[in-house]
Amino acid sequence: ITSVRFDGPTGYVVTFERKDPLYVIDLNDPAKPTKVGELKLPGFSSYLHPVGPGLLLGVGSDATDDGRVTGAKVTLFDATDPAAPKEITSLKFADKAFMSDYDPKAFHFDATRGLVFLPYSYGCWDLCENWTNESGVLVLSVADRTLGEVTTINHNDRTPPPPRPGEPIPDETTTVPDTTVPDTTAPNTTAPETTVPGTTTP
């Protein structure tokens, strides 16, 4: 089991060995949880988060059919019909590793603006000839059943380890690396804009 999420009377469970499913569990009778649906696809989600009625965001890893991890992956699922969950869309990143893989607090969903903040570090899943200390926060938009990249808040040359989770405050976002505090502003925006205007890093 790589991740579990409870959402009211519904539970979601992801397992991974090679090519394993996202399970949808009916919890209306806690004494008799019942599997009502599953979706089998390559890779796995290490973190699951509801992002709207019947919509679930999975953050984790992409993989081949035989289970070899090839990079990071963010997936938008449609679980409106619990018996037939579907993958709506996904984004893959061959050079990133998300902190939420091992820290569930390394994730923030701004439902008002439809923005997802994902702290990351450089990920190497094959030959690592150009290894870097890149780290930062990836900002994604989730709106109208779509998933898109908005911007990347880069923490290069500030600290080798990945940043701590971003803490949103009204009309701006401050991201905090491990040893220094860059004040990065993301003005009030609404998805599905493709950019966060005026983003600055001192």
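Strands β6 and β7 pair in the antiparallel sense over nine bridges; two strands count as paired if DSSP finds at least two bridges between them. Strands themselves are DSSP runs (E, at least two residues), numbered from the N terminus. The model is predicted: local features need pLDDT of at least 70, side-chain atom pairs count only at pLDDT 80 or more, and totals for chains, interfaces and linings use all residues. Residues are numbered from 1 along each chain as its sequence is written, and side-chain values use heavy atoms, with hydrogens and water left out.

On the pairing of β5 with β6, seven bridges join the strands in the antiparallel sense, and S45 has G60 in β6 as its bridge partner. β5 and β6 also form a hairpin, with two residues between them; here G54 in the turn has a positive phi of about 75°. β7 (residues 69–78) pairs with β8 in the antiparallel sense over seven bridges, and the bridge partner of L76 is T89 in β8.

Together these pairings belong to an open sheet of four strands in the order β5-β6-β7-β8, with antiparallel pairing. β5 and β8 (86–93) stand at the edges with a single partner strand each, so one side of each is left without a neighbour in the sheet. The twist averages 25° from one strand to the next, where axes are lines fitted to C-alpha atoms (for helices over the stretch in contact) and angles run from 0 to 180 degrees between N-to-C directions. Strands of a sheet pair through backbone hydrogen bonds, either parallel or antiparallel.

Is β6 buried or exposed? Nine of the nine residues of β6 (residues 55–63) are buried, so this strand is largely enclosed by the rest of the structure. Buried means under 20% relative accessible area, exposed over 50%, and partly exposed in between (1.4 Å probe, protein chains only).

Another open sheet has four strands in the order β1-β2-β3-β4, with antiparallel pairing. Its edge strands are β1 and β4 (34–40), each pairing on one side only. From one strand to the next, the twist averages 15°. Strand β3 (residues 21–26) runs antiparallel to β4 and is joined to it by six bridges; V24 has G37 in β4 as its bridge partner.

Strands β12 (residues 135–143) and β13 (residues 146–154) pair in the antiparallel sense over eight bridges. L138 stands opposite T152 in β13. The two strands form a hairpin with two residues between them, and D144 in the turn has a positive phi of about 50°.

## Nonpolar cores

A nonpolar core is a set of buried Ala, Val, Leu, Ile, Met, Phe, Trp, Tyr and Cys residues joined through side-chain atoms within 4.5 Å. The largest core has 20 residues, of which V74, F98 and L118 touch the most other members. β5, β6, β7, β8, β11 (115–122) and β12 each supply at least two residues of this core.

A second, separate core of 11 residues includes V14, V24, L56 and A79.

## Aromatic rings

How many aromatic pairs does a search of the whole structure find? It finds two. Y47 and F107 form a tilted pair, 4.8 Å centre to centre with 40° between the planes. This pair links distant parts of the chain: Y47 is in β5 (residues 44–52) and F107 is in the loop between β9 (96–98) and β10 (108–110), 60 residues apart. Both Y47 and F107 are buried.

F93 and F98 form an edge-to-face pair, 5.9 Å centre to centre with 85° between the planes. F93 and F98 are both buried. Rings of Phe, Tyr and Trp (its six-membered ring) pair if their centres lie within 6.5 Å; planes under 30 degrees apart count as stacked, over 60 as edge-to-face and the rest as tilted.

## The start of the chain

I1 lies in the segment before β1 (3–7). At 76% relative accessibility, I1 counts as exposed. Leaving aside neighbours within four places in sequence, I1 is in contact (heavy atoms within 4.5 Å) with V13, V14 and T15. I1 and T15 are 14 residues apart along the chain, and their C-alpha atoms are separated by 4.2 Å.
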